[in-house]
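Subject: Structure handover, with notes on what was found

Dear colleague,

I am handing over the structure below, and my notes on it follow. Please read them with the model open beside you.

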Amino acid sequence: MSHMCTNPWTTIFVWGNGDVTHCCYSNIGPLGNIHKQSLDQILKGKKLNTVRTNIAKGKYVQAGCEHFCRPFRWNQYYSSDTGKTVIPEGLGRISQVNINNPEPFPTIIGLAMDWRCNFKCTHCQAPRNTDGLNDDVINKLWPYVEKAKVVRFVDGEFSVNKKTLNNIKRVSTSNPSSTVFMNTNGHIGVDQYFDSVRNLDSFHLKFSLEGLGEDFEKIRIGGNWNKFKNNLLRANEIFNEQCAKGKDWKLYLNCCVMVSNFEKLPEIVQFAVTHNIRLVLNPVNGMRHLDENFSMYKHLTIPEEVFSITSGRIHSILNNTTYCFSTELKQHLDYISKVNNGKKLAMPMPLLKYLNKRFKGQTADRVMYILYKWQINKFSCILYLYRKAVKRINSRMRYFYQRIKYANKPVRNNKTT
């Protein structure tokens, strides 16, 4: 049986404006809004049911899945390979579920806190200083948090966010057995927020890096390699101590693979192996990265000879060690190989640079992604544009309805005699 994404049956994200989605990437739009409906109503709603029906039939495009999503690609690359139909650890949190009799509540829940961050990384697309959910909404959703198997607080840098740390501590008292899964840039030591996480039975933490030494600092703007390394090694000690107590504490390194760091991956792998820390390799995301995103642009495809040499060096390291994450890392590398050889946008570089300059930021991302979709799957592109148009029309209709409603509202006379 081919791999099937289980997010529509297991997962919800509640974003700062109250929108509820089952995925970070789906283009089907919000399933509902927590300020207008209860979460139960959203989970039983028509929109989520449509997504579930399409996913169950393997109709990923109709379900709103995007081509760069890892489960989407994994199914495309490995669906005929019965030995690799399960996404390896680190590349996705896909739960086993009986889609005909799913849990009545989400088993994986993500809540937006706020997007403050102490870095400004070159490849990051996240908003900054965006408000998250207020305390009333979080309290309203907390019964679901208490039942969840995995809890994520989606924000910028959680270690500098007091609100996030307080809610992690709250999880440790109300549902200590759930897995709290977070990402960090590693510039606040675990000792400084250990009080918020100490009582968790399961804590999974990813330290993000794209290079060592100066390479790290060029991408992680505001970062210091020595501070990162010292905090990482101290975290490794703490996590090993917690594991010795029988807890499920897992530490990861997470690396976005780009053109500029690809040939240096063996050094990053050797660093992870030396310290026996799990290393996750992900292709960089974002169409605006005209010089880095080999997974989406044909002109950035890594030459076969370069890929073969670099891959060979990595396999040589892994084959001569007892590294804890060797099998999974080899699967990550095989996945990246398939991404590198997959379908991509083929356009002249001058035109791409013009579009990137003309539209800028996330708008440029969307424009170039539409061009990508048109070349890869025209039906997918047309459906994508249709959904965007419907969303825009509905938004304008709501705006005009509110204007008319306001215009027809009787004016109160507040004058006193």
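**Surface charge**

On the surface, Lys47, Arg366, Lys388 and Lys391 gather in a patch of positive charge. Patches are made of residues with over 30% relative accessible area and no salt bridge, like charges being joined within 9 Å and nonpolar side chains (Val, Leu, Ile, Met, Phe, Trp, Tyr) within 5 Å. Lys and Arg count as positive and Asp and Glu as negative, while His and the chain ends are not counted; the place of a charge is taken as NZ of Lys, CZ of Arg, CG of Asp or CD of Glu. The accessible areas come from the Shrake-Rupley method with a 1.4 Å probe, and for residues only the protein chains shown count as cover.

Before going further, please note that this is a predicted model, in which local features need pLDDT of at least 70 and side-chain atom pairs count only at pLDDT 80 or more, whereas totals for chains, interfaces and linings use all residues. Residues are numbered from 1 along each chain as its sequence is written, and side-chain values use heavy atoms, with hydrogens and water left out.

Lysine 388 counts as partly exposed at 35% relative accessibility, where buried means under 20% relative accessible area, exposed over 50%, and partly exposed in between (1.4 Å probe, protein chains only).

**The sheet**

An open sheet of 9 strands runs in the order β3-β2-β1-β4-β5-β6-β7-β8-β9, with mixed pairing, two strands being paired if DSSP finds at least two bridges between them. At the edges stand β3 (32-33) and β9, each with a single partner strand, so one side of each is left without a neighbour in the sheet.

Strand β7 (residues 202-208) pairs with β8 in the parallel sense over 7 bridges, and the bridge partner of lysine 206 in β8 is tyrosine 252. With strand β9 (residues 278-283), β8 pairs in the parallel sense over 6 bridges, and here tyrosine 252 stands opposite arginine 278 in β9.

In one of them, the side chains of aspartate 195 and lysine 169 meet at 2.8 Å, N to O. Aspartate 195 lies in helix α7 (residues 190-197) and lysine 169 in helix α6 (residues 162-174), so the pair ties together parts that are 26 residues apart in sequence. Aspartate 195 is partly exposed at 42% relative accessibility, and lysine 169 is partly exposed with a relative accessible area of 36%.

Another salt bridge joins the side chains of lysine 264 and aspartate 215 (2.9 Å, N to O). This pair links distant parts of the chain, 49 residues apart, with lysine 264 in the loop between α10 (259-262) and α11 and aspartate 215 in helix α8 (residues 214-219). Lysine 264 is partly exposed, with a relative accessible area of 39%, and aspartate 215 also counts as partly exposed, at 23% relative accessibility.

Glutamate 237 forms a salt bridge with arginine 234, the closest N and O atoms being 3.0 Å apart; the two are 3 residues apart in helix α9, and are therefore separated by about one helical turn. Glutamate 237 is partly exposed with a relative accessible area of 44%, and arginine 234 is partly exposed with one of 31%. Salt bridges that share partners also join Lys169, Asp195 and Arg198 into one network.

**Individual residues**

Asparagine 276, found in the loop between α11 (265-275) and β9, has a positive phi of about 55° although it is not a glycine, and its relative accessible area of 42% makes asparagine 276 partly exposed.

Isoleucine 87 is found in the loop between α4 (70-78) and β4 (108-112) and is buried, with a relative accessible area of 8%. The C-alpha atoms of isoleucine 87 and glutamine 331 are separated by 8.9 Å, although these residues are 244 residues apart along the chain.

Leucine 233 is found in helix α9 (residues 225-244) and counts as partly exposed at 24% relative accessibility. Its C-alpha atom and that of glycine 189, 44 residues apart along the chain, are separated by 9.9 Å.

Best regards

Definitions and conventions. A salt bridge is a side-chain nitrogen of Lys or Arg within 4 Å of a carboxyl oxygen of Asp or Glu. Helices (H or I, at least four residues) and strands (E, at least two) are DSSP runs, numbered from the N terminus.
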